[in-house]
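Thanks for asking me to look this one over. Below are my notes, as numbered points to read beside the structure.

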Amino acid sequence: MNRRRYLTLAGAGVVGSLAGCGGSSGSGPNGSNGGQSIDDHPAAANLEAQPRQGDLGGNVVLAFEDPSCTQCRRFHENAVPKIEENIVDAGEGAYVVRTYPIIYPWGKPATQALESAFARSEGAFWALFNHYFAEQGQFNDDNVLDRTEQFLTNSTDIDGSSVVADARNEAHDDAVQADITAAEDAELPQQTPIVLLFRDGQFATRANGSVSYDLIANALEVN
């Protein structure tokens, strides 16, 4: 998508509001709130405490994702590697994740496990997050925590059994609810992924559903 095409879509409202996982596409704070500081945007509340790659203070790709969402998996396969290469590794900004478990039932215990892993190790969080998308078709409501324990024990340095025990007891539910509250306060739709883009600390726009790297690059004016 070229810049002229992007600006045309942005002016019309939410960019990329089709083909996401979930229900209504809604509108919420999109281009109409352009220019709002990231410090004041409800979706970015307590941003420093969220899983993040790259440094805050400039461009930010803030993604609300559900590990059970097939469109989120495609976003991870297609756009996230380019975000990591061209934005994070290039020093152009940060990629921040907030979990938003609204699609399939297994996404809720998976999110509890993600927050429990994050409380112990950010590296383990990213490993588990990537694992959920890589093996997405293998998970269901009955096996997600057993498979989570097996993966963490075999592939990370943290204790998978303690993470799963915390997930079953919802020991870190405050972190899960903080992400959901941020989405609600920002009036985000019940759809994933939702990607909010902040250019040099100012809200630029929001993209729902199928979110390409080209759209992100155009919005943030990066390569």
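In what follows, contact means heavy atoms within 4.5 Å, and buried means under 20% relative accessible area. Please keep in mind that this is a predicted model.

1. **Helix α3 and its buried side.** Let's begin with α3, which spans residues 80–88 and has V80, I83, I87 and V88 as its buried residues. These four cover an arc of only 75 degrees around the axis, which puts them on the same side of α3. What do the buried residues of α3 pack against? Their partners are the strands β2 (52–53), β3 (59–65) and β4 (93–99), together with the helices α2 (70–78) and α9 (213–220).

2. **The sheet.** Five strands form an open sheet with mixed pairing, and their order is β2-β4-β3-β6-β7. The edges are taken by β2 and β7 (202–208); each has a single partner strand, so one side of each is left without a neighbour in the sheet.

3. **Strand β3, from both sides.** Follow β3 and you will find seven of its seven residues buried, so the strand is largely enclosed by the rest of the structure. In a regular strand the side chains alternate between the two faces of the sheet. Both faces of β3 are covered: one side carries N59, V61, A63 and E65, the other V60, L62 and F64, and all are buried.

4. **The neighbours of β3.** Which strands pair with β3, and in which sense? With β4 the pairing is parallel, over seven bridges, and A63 stands opposite V97 in β4. With β6 (194–199) the pairing is antiparallel, over five bridges. There, V60 stands opposite F198 of β6.

5. **Helices on the sheet.** Helix α5, residues 122–134, lies across β2, β3 and β4 and runs at about 70 degrees to β4. Helix α8, residues 173–185, also packs on the sheet, where it touches β3 and β4; its direction makes about 105 degrees with that of β4.

6. In general, side chains of opposite charge can pair when their charged atoms come close. The side chains of R98 and D179 meet at 2.8 Å, N to O. R98 lies in strand β4 and D179 in helix α8, so the pair ties together parts that are 81 residues apart in sequence. Are these two residues buried or exposed? R98 has a relative accessible area of 1% and is buried; D179 is buried as well, with a relative accessible area of 1%.

7. **Two further salt bridges.** D166 and R120 also meet through their side chains, at 2.8 Å from N to O. This pair links distant parts of the chain, with D166 in helix α7 and R120 in helix α4 (residues 107–120), 46 residues apart. R120 is partly exposed, at a relative accessible area of 35%. The salt bridge between E77 and R73 has an N to O distance of 3.4 Å. Both of these residues lie in helix α2, four residues apart, about one turn of the helix. E77 is partly exposed, with a relative accessible area of 47%.

8. **Backbone spots to check by eye.** T192 and P193 are joined by a cis peptide bond, with omega about -10 degrees; P193 lies in the loop between β5 (191–192) and β6. N46 has a phi near 55 degrees, a positive value in a residue other than glycine. N46 is placed in the loop between β1 (21–22) and β2, and counts as exposed at 53% relative accessibility. E170 is not a glycine either, yet has a positive phi of about 50 degrees. You will find E170 in the loop between α7 and α8, partly exposed at 44% relative accessibility.

9. **The end of α7.** One last stop is N169, in helix α7 (residues 160–169). N169 counts as exposed, at 61% relative accessibility. The C-alpha atoms of N169 and Q112 are separated by 9.0 Å, while the two residues are 57 residues apart along the chain.

Note on methods:
Residues numbered from 1 in each chain as written. Predicted model: local features only at pLDDT ≥ 70, side-chain atom pairs only at ≥ 80, totals over all residues. Heavy atoms only, no water. Buried < 20%, exposed > 50% of the residue type's maximum accessible area, 1.4 Å probe, protein only. Helix = DSSP H or I, 4+ residues; strand = E, 2+ residues; numbered from the N terminus. Arc of directions from axis to C-beta. Pairing = 2+ DSSP bridges. Axes fitted to C-alpha atoms, helices over the stretch in contact; angles between N-to-C directions. Salt bridge = Lys/Arg side-chain N within 4 Å of Asp/Glu carboxyl O.
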